[in-house]
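Here is a short tour of how the parts of this model meet one another. Have the structure open as you read, and let's begin with a pair of helices.

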Amino acid sequence: MNAANNCKTLEQIVSANKRIDVVMASLGILVLMVASAMLIGVFVDLLTSGWPRLISSEFYTNFPSRHPEKAGILSAMTGTSLVMLVTAVVAIPLGVAAGLYLEEYAPRNWLTDIIEINVSNLAGVPSIIYGLLALGLFVHTFALGETILTAGLVLALLILPVIIVSTREAVRGIPRDLREAAYGLGADKWQAVRMYVLPAARPGILTGVIVGLARAIGEAAPVITIGALTFIAFLPPSPIQAEAPFINFEWLSSPFTVMPIQLFNWVSRPQAEFHINAAATGVVLMAMTLAMNALAIYIRLRLRRHDR
Amino acid sequence: MTDIAPLVSHGAADPVFGGTTAQFLRRRALWNRLAGYVLALAALASVLVTVGIVYVLISESAAFFRQVSLFDFLTDTEWTPMFENAHFGVMTLVSATLTVAGIALAVAIPAGLGLAIYLSEYAGSGVRETVKPFLELLEGVPTVVYGFFALLLVTPMLQSFMPELSGFNMLAPGLVMGIMILPYTASVSEDAMRSVPMGLREAGYALGYSRFRVALQVVVPAALSGITAAFILGMSRAVGETMVVAIAAGQNPNYGFNPMEGAATITAYIVQMAMGDLPHGSIAYQSVFAVGIVLFLITLLFNLVGFYLRRRFREEY
């Protein structure tokens with residue numbers, strides 16, 4: 001203790017320290033409040049400036065247009081849904097399989113080390129680099145063009161690490177006893193994994209899938225990089241048709257736009273009327289991603305309560 | 001928890017379980033091996049993504065570097081790819097990238113550290129359990145929305161007391177990005193601080209340290225490599241972040257570090273080029289991949305250092 005403190009009584013020291021504690025706690029709360037003010041501020045700002053468009057039903061049923069008051073997000077919403085369909089179909093099986101392999105099957109050797117380092121590094125690669133991958137490889141080398149398929153694939157690769165990591169965590173959390181019980185009943189490895197481990201890990205995997213898809217919905221950079229058009233005044237061919245075989249895959253090779261690109265397109269225009277459309281799109285986009293993230297958090301919290 | 005599924009079912013139609021016991025066991029062994037291979041293939045596919053990224057970046061920019069020397073690329077201070085007399089000085093884009101990321105860190109380091117200290121040393125578990133999901137929500141906001149916010153709300157707000165601020169500037173996106181990476185940096189450094197053993201704190205208290213002194217002189221130094229990792233990984237995110245700068249920082253390649261002016265970052269340049277219809281194989285098209293390599297290397301460096309520090313920190317405790 002230094003000389004200045006020696007002159008004070010114990011009570012003074014304690015109360016001075018308590019004051020510092022209060023200051024520190026209020027600083028922490030202040031940072032939290034700034035962060036919440038930001039989240040709420042963004043949402044309220046979007047809501048108030050986008051309100052006139054949000055309440056108009058034309059906004060949801062119209063195509064983009066040169067006239068801001070007639071422009072809508074129909075093609076963007078359809079595009080987002082179809083792109084997400086491709087992303088989910090590709091990323092979920094691939095990510096879950098890779099996660100299962102790393103956690104249950106992988107031998108401890110250099111190849112496994114490389115795969116693990118690779119996955120954690122992929123999680124840190126900026127999304128726009130994935131866009132460059134898609135531009136060079138999918139659009140030009142594989143000649144898939146600027147289509148829904150390309151966008152779905154690139155977003156699937158982007159969220160692959162998220163799904164792998166959450167699958168691994170979920171599988172790691174399954175008690176050994178469950179596996180041993182399965183082996184005790186005569187199951188072999190694949191049966192134990194498929195019939196016992198995977199179903200038990202399902203809620204944890206689901207959380208990762210939802211968080212990953214929420215991220216993919218909001219991603220604009222990789223989709224812009226592949227050169228996706230921003231003015232799309234038509235819908236891709238419907239995946240379902242009236243005559244046999246009832247489904248077709250023409251929509252995969254159709255040009256498209258998605259919600260974040262539509263927002264970017266409108267916010268980049270000088271006219272303030274388009275900014276209203278951008279704000280309204282932002283509200284829809286934020287509502288979608290926040291709802292998905294909230295759902296994931298809810299599943300995880302319920303899961304944790306279940307474990308106790 | 002899990003429904004008990006029968007391991008051997010007695011339906012002849014079942015493709016796996018039908019037939020005699022010997023047949024069943026043979027088929028089961030086959031499926032088992034097959035499943036192992038298929039899962040291994042999926043894991044290897046993730047390596048292919050990295051291979052693909054490196055291959056595309058190198059093969060496309062190789063053509064670029066045949067026309068522009070590496071020396072010019074790194075030392076020129078002008079970036080004018082579309083001009084007759086084209087200049088390709090990547091430092092122009094790097095300077096803007098670092099300026100925006102620097103502003104973001106200037107916000108995220110003090111705020112993130114303060115929040116992490118509060119959550120790990122002061123807040124009760126109830127507060128922590130509420131705040132962490134909230135921070136995750138904040139992380140889930142799409143970055144285009146943050147870009148909208150930076151351009152149409154933060155910039156006009158700053159202009160009201162900084163009249164010399166241009167409509168496109170690096171300050172507003174930097175500040176917004178700082179709050180954007182705050183949840184990540186705060187939660188990673190909070191994890192690091194919480195894994196400091198209780199014994200160290202108790203030793204501090206036994207010496208008569210106040211809670212504040214324990215936090216600042218015991219916990220923070222003990223968790224320093226974990227906290228550093230948090231900010232390096234945050235920096236990597238700020239450098240690679242695209243939409244906020246593409247919307248709010250403008251697309252004018254300026255060499256300099258003045259946050260009041262707008263300037264194109266690496267990511268904003270890629271977006272700008274991709275928006276226009278680039279002829280495949282032109283030098284402007286190839287330049288996108290050349291700056292892509294620079295971006296990839298910068299973030300790779302930050303990520304590797306960050307992962308190394310984080311792993312070393314985990315081994316310590």
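## Where the helices cross

In this predicted model, helix α4 (residues 74–105) of chain A packs against α1(B) at an angle of about 110°, and their axes are 7 Å apart. Angles of 65 to 115 degrees count as roughly perpendicular, and α4(A) and α1(B) are therefore roughly perpendicular to each other.

Which residues make this contact? From α4(A) come A:L94, A:A97, A:A98, A:L100, A:Y101, A:L102 and A:Y105, while α1(B) brings B:G36, B:V38, B:L39, B:A40, B:A42, B:A43, B:A45 and B:S46.

## The wider view

Stepping back to the chains, 75 residues of chain A are in contact with 74 residues of chain B. On the chain B side, helix α1 (residues 21–67) gives the most, with 20 residues.

Chain A itself is assigned two domains: domain 1 (1–51) and domain 2 (56–307). Their centres, taken over C-alpha atoms, are separated by 38 Å. Domain 1 of chain A puts 5 residues into the contact, and domain 2 of chain A puts in 6 residues.

How do these contacts divide by residue class? The table sets them side by side.

| Side of domain 1 of chain A that touches domain 2 of chain A | 3 residues | 2 residues | no residues |

Technical notes
Residues numbered from 1 in each chain as written. Chains lettered and ligands numbered in written order. Predicted model: local features only at pLDDT ≥ 70, side-chain atom pairs only at ≥ 80, totals over all residues. Domains from an automatic or database assignment. Contact = placed C-beta atoms within 7 Å. Nonpolar A, V, L, I, M, F, W, Y, C, P; charged D, E, K, R; others polar. Helix = DSSP H or I, 4+ residues; strand = E, 2+ residues; numbered from the N terminus. Axes fitted to C-alpha atoms, helices over the stretch in contact; angles between N-to-C directions. Parallel < 35°, antiparallel > 145°, perpendicular 65-115°, else oblique.
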